[in-house]
Every structure is written in C-alpha cells, then in structure tokens.
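Q: Please take a close look at one helix in this predicted model and at what surrounds it. I would enjoy a connected walk through that part.

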Amino acid sequence: MSQAPLPPGVERRRQLRLQRRNERLRNVWRLLLLSAGAAGLGYGLLRQGWSLRGPDQVLVIGSEQVSREEVIRAAQLRFPLTLLSLQPRELKDRLAATLPVEQVGVQRLMLPPRLRIDLVDRQAVAMAERRTPAGLQRGCVDRLGNWMNCGPHQLTAKSGGVSPSSLLVLGWQPAYRAPLAQVLAEREQLGGNLSQIRFEPTGTIVLLTRNLGEVRLGPPDGQLTRRLEVLEHLEEELPARVKGKPVNTIDLSDPDRPELGLTVRTPASAAPRRTPPTTN
C-alpha cells in the first residue's frame, strides 16, 4: 500500500530540517579538521619553531663585564629548549642572585626565536675592607652597598661627580648593605667632604668628614634618616656658627640633641711665663 503524499508545507519543512542537520554535520567536521590542523601546527612550532637550538640565540645586552657564556651558565640553560618552557621571572631572579649586576631584564622573542637578557652592571662607588676567616680583604662596594671584588684600577671613572677612590668603607658586612646604601645616597649632599664610612663591631656607624671631623651616627636603626638630615644641616650651618673653631667630633646618636666636640686652642698670650734666672 503506497504512502499518501505529504502536504506541500509539511514536505518543505521536512526538507529544511534535513538540510540544517546536514549543514551542522559538515560544520562539525570542518571544526574538527581545523582544530586538528591547528594543534598539529602549534605542536610543530613549539617543537621546532619557537625553540633555542644554541647559545647564538641568546642575546646579552648592556653589560661590559658579563659575557654570554657566563649568563648561560648562571641561567643553567641546556640546548635545545623551547621558549615557552622558560619562566622569565624565575630566570631574572636566578641571574640577579648569581651575576655581579644591578638590574636584569628577560624577554622571550618569537620571530625569530631568541632570548634577550638586558643587564645593568654594578658600578663601584667606593673602596672597601672586610674581615673574613682568611683575614682582611680589600675590594669595592656599589651604590646599593653590595660587595664587589675589584681593585683601584676599576675606580678611575667618576660616579655621580665624586671619585670612588676618595671614599673608604671599613668593616663591611652583609647585614650593613641597606644602611650603607642610605649613607652613600647622601654622599653628594655632603659636598664631597665624606672620606670614610666605618662600621664598628657594635654596628655603630662612624663617618669621617673633612669639614666636621668624626661624626658618630649611632646604630643603623629607624633614626638613621633623621640623623643624616641633621648632618646635612650641620654641614651647611655649623662652620659659620663656630667661627673657625676646629670641630673634633659630632655625636648624632640622639639627632634632636647633637653633641659637638671642639678643639680647644690655648692662646699664646695665656701661656705661663718662665722666670728668667737671676745672676749674682
């Protein structure tokens, strides 16, 4: 028994549903093919395109003291390696902790694949001495208070208009880096008169200046900023107030009550006269 033909409207709707279903199937297949192609292309790029095959793809910029080979050793890079496997922040921290540099920047460059490392060298700003188990060691410090193994030949250039070789830091220890950096930052405000920074065994900071003699800044505590402000003020005002009297010592342990020690000179007229011997 033959099936009766459907009304024209019903048949048309059936055909439209069939077309839409076929179109959805074709779109699904297109999406699967495109996804597979993209995945394959991405895998190929990661494995072959965005990878470092050798040291020549590592760019080291800005340093005159650190070579590319030293950077690769410090970063512990093993070739070949993919760029996306590198973590710039971790690499930056590792290089900053290992290399004698002040700043580190790390960038991954994709086209062409390269690793760019920007470095800022430490600059020696003063000679320094420290006690080690092997004895007294001489070197330098940078503006952040970090120890540097260097000699006088590396202090020929000027830093901030002041010759680094004119300043000596005594008693350097790792714990004194922050207060040392704070004092060094005020060096230029002292007019180039600072010639020595000494850390005593107790931690007391003692400065030697050409105008004010010995200045005791006290311990490296929260009052250090205030003490340096008072010292800068005294550097400007004190010479006129003491009217040529030589300043021997200044104690700024209490910045609100500075203690001055002036060298007392005995006038020649006040010297006792010797009685001339009598003659018979």
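**A helix and its surroundings**

A: Happy to! The buried residues of α2 pack against β2, α3 and β5. Here helices (H or I, at least four residues) and strands (E, at least two) are DSSP runs, numbered from the N terminus; contact means heavy atoms within 4.5 Å; and buried means under 20% relative accessible area, exposed over 50%, and partly exposed in between, with a 1.4 Å probe and protein chains only. The model is predicted, so local features need pLDDT of at least 70 and side-chain atom pairs count only at pLDDT 80 or more, while totals for chains, interfaces and linings use all residues. Residues are numbered from 1 along each chain as its sequence is written, and side-chain values use heavy atoms, leaving out hydrogens and water.

Which residues of α2 are buried? They are Val71, Ile72, Ala74 and Ala75. Viewed down the axis of α2, the buried residues fall within an arc of 165 degrees, so they line one face of the helix; the arc is that of the directions from the helix axis to the C-beta atoms.

An open sheet is formed by 3 strands in the order β2-β5-β4, with mixed pairing. Its edge strands, β2 (58-61) and β4 (101-109), each pair on one side only. From one strand to the next, the twist averages 15 degrees. Two strands pair if DSSP finds at least two bridges between them; β2 and β5 (residues 114-121) do so in the parallel sense over 4 bridges. Within that pairing, Val58 has Leu115 of β5 as its bridge partner. Helix α2 (residues 68-75) packs on the sheet by touching β2 and β5, and its direction makes about 115 degrees with that of β2. Axes are lines fitted to C-alpha atoms, for helices over the stretch in contact, and angles run from 0 to 180 degrees between N-to-C directions.

Elsewhere, the largest nonpolar core has 29 residues, among which Val141, Ile197, Leu207 and Leu217 touch the most other members. Such a core is a set of buried Ala, Val, Leu, Ile, Met, Phe, Trp, Tyr and Cys residues joined through side-chain atoms within 4.5 Å. Helix α5 gives the most to this core, with 6 residues. A second, separate core of 20 residues includes Leu81, Leu86, Val101 and Val104.
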